[in-house]
Amino acid sequence: MELDGRVVVVTGGTRGVGAGIARSFLAAGADVIVCARRPPDQEVAADGRKAAFTPVDLCDPAAVHTFFDTVAHRHGRLDCLVNNAGGTPYRLLGEGEAQRHARVVELNLLAPMTASLTAYPWLRQARGSVVMIGSVSGTRPSPGTAAYGAAKAGLENLARSMAVEWAPDVRVNSLVLGMVRTELAHLHYGDETGIASVGATVPLGRLAEPADVGEAAVFLASDRAAYISGASLLVHGGGERPAFLDAATVNKEK
C-alpha cells in the first residue's frame, strides 16, 4: 500500500474528523497511533487493521514529550504528525472570561506547536511531514467562536513558518476545513433537517465526511505531495455562497 511501513500520529484521533483521518491512514497501510485524553468508545479500525491508542493531555508538555519518546522508541520512527485535536464550545466574547477564551487558544494553537516541536527530531530523521488541521473559521469572522478562529488563523501561519524553517527535512502543510458531518454535528447544525439545510448552502451540496478529510491528509503525507510544503488546502466543498447574492434585487439566477 501507499504508506506501508510509515508511522503516523493523529492527535484527537478517537472520534469525528480525527478518527476519519486515522482510518484513511490505516487503509493506506500506515501504522497509526491515536491519542486523546480519553479512550475511544470503539476501536478505530479500517480494512482489518487497528490504530493503537495512547492517552495524553496535549496541554501538558511533559506528557507530550513522554508520548512521542514512547512512540519513537516503540516503532523506531515517526513519518507524519497530524495535529487534529482541538475544538471549542459556542461562547460569545462577552459571555466568558479572558481565561476561558485563552484555554481555547491553548488547545488549538499552543498544543499543536508543542506536539510539532517535540516530534520534530523524529520527523527530521524520517524526512517526514506535519499536517495541521485548520478551519475556515480562521479565514473569516467567527462569531461565537472567536478565540477558536483566532487560534486557527495562527495555526495556518505557524505551519507556513515551520515549512520554511524546517525545509528541506520536514514538510508542513495545512488542511483548511469547512463544515464536517460527525457524531457531534447536531450540536452545531441541529437535527437531520438542519444538517440537510446547512449542507445545501455548500456548493457541492453536502457537508464533508471525515473520510474526505482523511484522504486529503493521506495525500499531503504521501510521496505524491513531495514538493508541497507551506500550502493550505481548502477542504470546504467550494466554500460559502456570498450572502449579498441572495440579498441583492438584481442578477438573480434563473
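The following legends describe close-up views of one predicted protein model. Residues are numbered from 1 along each chain as its sequence is written, and side-chain values use heavy atoms, with hydrogens and water left out. Because the model is predicted, local features need pLDDT of at least 70 and side-chain atom pairs count only at pLDDT 80 or more, whereas totals for chains, interfaces and linings use all residues.

**View 1. The whole protein chain.** The protein chain holds 8 helices and 9 strands; helices (H or I, at least four residues) and strands (E, at least two) are DSSP runs, numbered from the N terminus. Its C-alpha trace spans about 65 × 45 × 40 Å along the principal axes. The radius of gyration of the protein chain is 18 Å, in agreement with the value near 18 Å for a compact globule of 254 residues; the radius is taken over C-alpha atoms, and the globule rule is 2.2 Å times the number of residues to the power 0.38. Of the 254 residues, 46% count as buried, meaning under 20% relative accessible area with a 1.4 Å probe, protein chains only.

**View 2. The open sheet.** An open sheet is formed by 7 strands in the order S5-S2-S1-S6-S7-S8-S9, with parallel pairing; two strands pair if DSSP finds at least two bridges between them. Strand S5 (52-55) and strand S9 (232-235) are the edge strands, each pairing on one side only. From one strand to the next, the twist averages 20 degrees; axes are lines fitted to C-alpha atoms, for helices over the stretch in contact, and angles run from 0 to 180 degrees between N-to-C directions.

**View 3. Strands S6 and S7 with helix H3.** Strand S6 (residues 80-83) pairs with strand S7 (residues 129-135) in the parallel sense over 4 bridges. Asn83 stands opposite Met132 in S7. Helix H3 (residues 98-126) lies across S6 and S7 and runs at about 175 degrees to S6; contact here means heavy atoms within 4.5 Å.

**View 4. Helix H2 on the sheet.** Helix H2 (residues 61-75) lies across strand S1 (7-11), strand S2 (31-36), S5 and S6. The helix H2 runs at about 155 degrees to S1.

**View 5. Helix H4 and its cover.** The 20 residues of helix H4 (residues 146-165) should span 28 Å at 1.5 Å a residue, and the end C-alpha atoms are 29 Å apart, which agrees; the expected span is 1.5 Å times one less than the number of residues. Buried residues of H4 include Ala151, Leu155, Leu158 and Met162. An α-helix has 3.6 residues a turn, so residues three or four places apart point the same way. What covers the buried residues of H4 includes H3, S7, strand S8 (171-177) and S9.

Key: Buried < 20%, exposed > 50% of the residue type's maximum accessible area, 1.4 Å probe, protein only.
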